Amino acid sequence: MRTPVTLLLAASLVLGGCASDPLPEAPTRPEEVRFASGSIGVGTSTSPPETHNARLDAVRIDDGQVVLTFAGDGTVNYVGWYVDEARPYNDAAQTHNDTARPLETARPLEVPGASILQLDLISSVAPSEKAVRPTSDGDISVRVAAPQDGVVQVFVGIAADRPEFTVSTGPDELTATFAN
C-alpha cells in the first residue's frame with residue numbers, strides 16, 4: 001500500500017517543481033509555412049488501381065506559371081513546399097546507376113534561382129523523356145528528378161525569395177502560380 005502512496009507523493013513533487021519553472025516565451029512573429037497538397041485525376045481516373053499508369057508528360061513555363069501536363073490514366077497525388085536545395089530521393093539521374101542514395105547523401109541537382117519549390121508527384125509512373133529535360137525562362141527553371149518508389153520530384157527554381165504560391169488543377173494539368 002505504501003508504494004502507490006509513495007509514487008503519488010513523488011509525482012506530485014516532480015510536477016509541482018515543473019509548475020514553478022517559467023514557461024518559454026512565445027515567438028514574437030509567426031513562422032510562415034507555404035505548403036500545398038492535393039490530387040489530380042488523369043484520363044480515366046476511375047480505373048482500377050492496378051491499371052493506373054498516369055505519368056508526367058510535359059513541363060512548360062507559361063507567363064510566370066509552371067504547368068505540368070499528365071498522360072495515361074489514374075490519380076496522381078501531389079505535395080509542394082520550399083526546400084533549401086534540390087536533393088533527389090534517388091540521384092540515378094546524375095550518376096546513371098541503379099543505386100538509390102539516402103536523402104542526406106544524394107547529390108543536389110543544380111536548379112537556378114533564389115528559392116526552390118519541390119513538388120512530389122506520388123503514384124506517378126516514370127515521366128516521359130520530354131518532361132525530364134531541364135526547362136527555363138530566366139525567372140523560373142524546372143528540373144525533374146528520376147522517380148523513386150512511385151514518387152517523381154519536380155524542382156522549380158524561382159528568382160524571387162520564396163514567394164507565395166498556389167497550385168491548381170485542371171483536366172490532366174497541374175499549375176503552380178507564383179506571386180510577384
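E173 is partly exposed, with a relative accessible area of 25%; on this scale, buried means under 20% relative accessible area, exposed over 50%, and partly exposed in between, for a 1.4 Å probe and protein chains only. The model is a predicted one, in which local features need pLDDT of at least 70, side-chain atom pairs count only at pLDDT 80 or more, and totals for chains, interfaces and linings use all residues. Residues are numbered from 1 along each chain as its sequence is written, and side-chain values use heavy atoms, with hydrogens and water left out.

E173 belongs to strand 10 (residues 173–178). Strands (E, at least two residues) and helices (H or I, at least four) are DSSP runs, numbered from the N terminus. Apart from neighbours within four places in sequence, the contacts of E173 are I40, R60, V67, L68, T69, F70 and S168, contact being defined as heavy atoms within 4.5 Å. E173 and A71 are separated by 102 residues in sequence, yet their C-alpha atoms are 9.2 Å apart in space.

Two of these contacts, R60 and V67, also face one another, as R60 stands opposite V67 in strand 3. Strand 2 (residues 55–62) and strand 3 (residues 65–71) are paired in the antiparallel sense over seven bridges; pairing requires that DSSP find at least two bridges between two strands. The hairpin formed by strand 2 and strand 3 has two residues between the strands, and D63 adopts a positive phi near 55° there.

The structure also holds two aromatic pairs. Rings of Phe, Tyr and Trp (its six-membered ring) pair if their centres lie within 6.5 Å; planes under 30 degrees apart count as stacked, over 60 as edge-to-face and the rest as tilted. Because Y82 lies in strand 4 (residues 74–83) and F165 in strand 9 (residues 165–170), the pair ties together parts that are 83 residues apart in sequence. Y82 counts as buried at 9% relative accessibility, and F165 is buried with a relative accessible area of 12%.

F165 also pairs with F178 in a tilted arrangement, at 6.4 Å centre to centre with 45° between the planes. This pair links distant parts of the chain, with F165 in strand 9 and F178 in strand 10, 13 residues apart. Both F165 and F178 are buried. Together, Y82, F165 and F178 form one aromatic cluster.
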